[in-house]
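This briefing is for a reader who is meeting the structure for the first time.

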Amino acid sequence: MRGILACSVVLSAASSALGSWIPYSELKARSSNGLLDCLERAGLDPVVEGDPEYATEALPFNLRFNWKPAALVYPTDSNGVAAAVKCGSENGVKVNARSGGHSYAAFALGGEDGHLTVSLDHLRHLSLRGDEVTFGTGNHLGDVALYLWENGQRAMAHGTCPYVGSGGHAGQGGFGLPSRLWGLLADQIQSLEIVTADGTIRTASHTQNADLFWAATGAGASFGIITAFTAATHAAPDSVAFSYTFADYGAEEASKGLQAWQQFASHPDRKLDPAVGLQIHVEPNDEKDVVFSVSGVYYGADIATVNATFAPLLAELGAPTSVSLQEQDWIASVLSLGGASSVAELNTTLAPDGNDTFFATSTFVPAAAPMMGRAASDALFAYFYGPGARTDVEWFVIFDLYGGGDSVVTGRGADYNAFDARDALYSIQYYGTIPDWVSDEEGIAFIQGMKKAVEDNQPETQFKEYVNYIDSTYTAEESHKRYYPTHTERLEELKDKYDPKRVISFPQDF
Ligand SMILES: Cc1cc2nc3c(=O)[nH]c(=O)nc-3n(C[C@H](O)[C@H](O)[C@H](O)COP(=O)(O)OP(=O)(O)OC[C@H]3O[C@@H](n4cnc5c(N)ncnc54)[C@H](O)[C@@H]3O)c2cc1C
């Protein structure tokens with residue numbers, strides 16, 4: 001039942017994006033023999049339906065989906081990736097890269113049946129040259145963080161979960177708590193190696209194939225298969241993790257809390273240090289009481305600096321029900337943000353990742369007035385503390401500060417790369433795990449209700465969204481409007497240039 005419901009939601013988006021739907025059986029009969037022969041000739045040993053490992057290999061992180069790739073391959077180098085792309089292209093089979101497989105819509109498995117998934121699991125090389133790291137896109141964030149720490153205590157800004165893949169994450173942004181200090185992971189990339197749809201292995205940087213580099217650092221999933229990144233690294237700073245919990249807030253206090261938080265974060269005179277990574281978490285506890293907390297990490301600071309920095313905000317928020325301030329070194333902060341208890345847990349080759357059955361979507365709140373106006377935040381928190389306290393969906397919401405002060409993320413300028421939200425003050429991620437006894441439609445509608453509360457109460461703002469929190473219900477047109485409102489035209493032109501036959505393709509592609 002679960003699979004059928006999930007498909008009905010996503011296929012309605014996919015089919016309207018693609019025009020006509022081709023059944024998998026037809027696709028398979030039409031192309032897979034040629035495809036498989038080609039892959040075998042290239043020594044790629046494809047995994048196909050019927051093979052004992054197919055079910056595990058085609059299992060997505062998000063169990064709402066059940067896409068059936070025509071084949072999965074595991075090249076060991078860029079030449080193998082190029083051969084796979086050519087096989088797909090020559091046989092009319094669409095191709096997708098899989099790095100960490102954490103796409104919320106399982107787009108590495110095609111986002112529909114019958115694609116060729118090029119899994120980058122074997123591209124796990126890592127090397128440092130001076131302050132620059134080069135890593136294969138089979139590495140996950142934990143692997144990269146661990147390598148950098150163990151080789152000179154270096155660091156980059158990236159997301160928190162050790163198992164998120166570097167390919168999808170950096171290719172489409174990649175936000176972490178140090179991003180206000182160092183930028184998105186995509187912004188830290190100096191150059192990359194990519195196999196484009198014609199099977200050519202290209203290097204792209206700010207000076208070489210610069211248009212491709214621009215597109216692949218923000219809309220990376222559409223422009224080929226990135227096989228390696230070279231990125232700037234930084235000396236890994238110590239930090240203070242801080243958390244102020246307000247377990248006794250009701251909806252009204254929480255809405256006022258958000259208003260105070262966004263004013264504090266964007267204060268024009270008292271500029272917030274870019275070394276502050278700042279969040280709000282809202283989620284129900286085990287008793288289904290909704291809990292509001294302000295937390296984050298202040299890099300390079302001590303506890304006295306944290307206390308002085310947050311005093312004006314706490315004066316507005318009132319007395320927290322609990323406070324935590326923890327001095328830590330860099331790797332301790334990586335572990336605690338990633339929910340890991342030992343350094344070994346960052347090495348993703350040692351244990352498989354888990355899965356979830358969920359729906360998520362997002363909002364970027366612009367820095368321009370009114371940011372999130374009072375009516376929208378009142379409606380949002382009324383939803384959290386009302387329906388949110390009664391639902392069986394296991395939800396959480398995270399507000400991540402992107403801008404404010406001299407943030408490097410927003411300081412890059414609107415067109416630095418394809419990432420299209422440099423005007424954002426913060427993102428909101430709405431995430432819900434849908435238990436077995438709640439239908440997917442119901443779970444999705446519950447999470448969508450959060451975003452709707454904001455949009456319905458601030459219709460004058462065209463809110464952007466974050467492509468790495470990809471919303472599986474969108475058509476291609478809707479997704480472009482939300483993820484790339486000012487970059488769509490250029491991305492379409494570049495797609496025509498680098499992939500005129502739409503070999504690399506998924507339902508929200510260009
Ligand atoms: C538990 C969890 C925690 C997260 N935390 C954060 C966070 O802190 N910050 C944040 O910004 N995001 C976060 N995300 C979102 C995450 O950044 C995206 O889901 C990201 O796209 C996952 O990348 P992946 O390589 O694991 O996924 P995949 O499913 O492998 O890929 C995602 C998309 O990118 C394409 N792709 C993958 N590799 C390549 C490549 N090498 N070349 C070209 N295209 C490629 C795929 O085809 C697919 O379309 C989180 C996600 C999860 C599930």
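Predicted model: local features only at pLDDT ≥ 70, side-chain atom pairs only at ≥ 80, totals over all residues.

A disulfide is counted here when a pair of cysteine sulfur atoms lies within 2.5 Å, and by this rule the count comes to one disulfide.

**The disulfide**

- The link joins Cys 38 to Cys 87, with a distance from S to S of 2.1 Å.
- Because Cys 38 lies in helix H2 (residues 24-41) and Cys 87 lies in helix H4 (residues 78-90), the pair ties together parts that are 49 residues apart in sequence.
- The angle about the S-S bond is -80°, and the link of Cys 38 and Cys 87 is left-handed.
- In general terms, a disulfide is a covalent bond between the sulfur atoms of two cysteines.

**Exposure of cysteines**

- Cys 38 has a relative accessibility of 9% and therefore counts as buried, the cut-off for buried being under 20% relative accessible area.
- Cys 87, the partner of Cys 38 in the disulfide, is likewise buried, with a relative accessible area of 2%.
- Cys 161 is partly exposed, with a relative accessible area of 30%.

**The largest cavity**

- The structure holds three cavities of 30 Å³ or more, and the largest cavity has a volume of about 100 Å³.
- A set of 13 residues lines the largest cavity, and those that lie nearest its centre are His 158, Gly 159, Pro 178, Val 334 and Leu 337.
- Helix H12 (residues 330-337) gives the most to the lining of the largest cavity, contributing four residues.
- Sorted by class, the lining of the largest cavity comprises eight nonpolar and five polar residues, with no charged residues.
- The largest cavity lies between domain 2 (126-236 + 488-498) and domain 3 (239-475), because both of these domains give residues to its lining.

**The second largest cavity**

- The second largest cavity has a volume of about 80 Å³.
- The lining of the second largest cavity is made up of 13 residues, of which Gln 172, Val 467, Tyr 484, Phe 506 and Gln 508 are the closest to its centre.
- By class, the residues that line the second largest cavity are eight nonpolar and five polar, and no charged residues take part in this lining.

Technical notes: Residues numbered from 1 in each chain as written. Heavy atoms only, no water. Helix = DSSP H or I, 4+ residues; strand = E, 2+ residues; numbered from the N terminus. Buried < 20%, exposed > 50% of the residue type's maximum accessible area, 1.4 Å probe, protein only. 1 Å grid on protein atoms, 1.4 Å probe; cavity = no way out; pocket = protein on both sides within 12 Å on 5 of 7 lines; lining within 4 Å. Points joined across faces, edges and corners; volume = space filled by probe spheres on them. Nonpolar A, V, L, I, M, F, W, Y, C, P; charged D, E, K, R; others polar. Domains from an automatic or database assignment.
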